[in-house]
Amino acid sequence: MAYWLRGSCYGQTGRYAAAISDLSHAIQLNPEFRPAYRALGAALLRNGNYHAAIETFSRAVEMNARDVSAINGLAWTLYVSGKAGEGLPWARRAVELAPDSMEVRDTLAHILTQLGLANEAFGEFEKTAELGGSDRIKDLQRTLTQRNFYDGDLNGKFDRVTKASLRACVDAGCRLLPD
């Protein structure tokens, strides 16, 4: 348990190599401790080791097929590693299990955008705006500004201009991740 706690803290503070070491040790000591797999998968992802992150999240999903965090982590890792098509069924599964989660809806929206499914992606981004409120909308507005799709105020309102900017970005297949 101590390795998991310390490894999790390392991961949250950006010390990914230390996190990976401690979390791997935690799993060696207790291979059935599921939270360590999720934390290790996240550290591996953030460290850019996509293949190992995919394996780790897959193992967590094998251990608990309803673990939304692990399923979403797997979907997101597949997306960022250029395997959006493989991530799509996992993202859909995460939304099925947690339809009110902004995070899982966001993962699905990004994957759909990368796959060119603009109408469905736009609908998912709309849902993230509804679920996340003004803070989420400001994040979208900020990113749309960075991508040169929005030049309005960062007001947190999902108004006509924000929707049109989001629609144009999604239609263009732009990546809505902040710089």
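**Ground rules.** I number residues from 1 along each chain as its sequence is written, and I keep in mind that this is a predicted model in which local features need pLDDT of at least 70, side-chain atom pairs count only at pLDDT 80 or more, and totals for chains, interfaces and linings use all residues. Side-chain values use heavy atoms, with hydrogens and water left out.

**Helix α4.** I began with α4, residues 50–63, taking helices as DSSP runs (H or I, at least four residues) numbered from the N terminus. α4 has 14 residues and reaches 20 Å from its first C-alpha to its last, close to the 20 Å expected at 1.5 Å a residue, where the expected span is 1.5 Å times one less than the number of residues. I then listed its buried residues (under 20% relative accessible area, 1.4 Å probe, protein chains only) and found A52, A53, I54, T56, F57, A60, V61 and M63. These pack against α3 (34–46), α5 and α6.

**α3 against α4.** I looked up the axes, which are lines fitted to C-alpha atoms over the stretch in contact, with angles running from 0 to 180 degrees between N-to-C directions. The axes of α3 and α4 come within 8 Å and cross at roughly 160 degrees, which makes α3 roughly antiparallel to α4 (the term applies over 145 degrees). Contact here means heavy atoms within 4.5 Å, and the α3 residues that meet α4 include Y37, L40, G41 and L44, with A53, F57 and A60 among those on the α4 side.

**α4 against α5.** α4 and α5 pack at an angle of about 155 degrees with their axes 8 Å apart, so α4 is roughly antiparallel to α5. I noted I54, F57 and V61 among the α4 residues in this contact, and I71, L74 and L78 among those of α5.

**Helix α6.** At 1.5 Å a residue, the 14 residues of α6 (84–97) should span 20 Å, and its end C-alpha atoms are 20 Å apart, which agrees. A84, G87, L88, A91, A94 and V95 are buried in α6, and their cover includes α5 (68–80) and α7 (102–114).

**T128.** Leaving aside neighbours within four places in sequence, T128 is in contact with M102, R105, D106, G133, R136 and L140.

Conventions. Helices (H or I, at least four residues) and strands (E, at least two) are DSSP runs, numbered from the N terminus. Buried means under 20% relative accessible area, exposed over 50%, partly exposed in between (1.4 Å probe, protein chains only). Angles under 35 degrees count as roughly parallel, over 145 as roughly antiparallel, 65 to 115 as roughly perpendicular and the rest as oblique.
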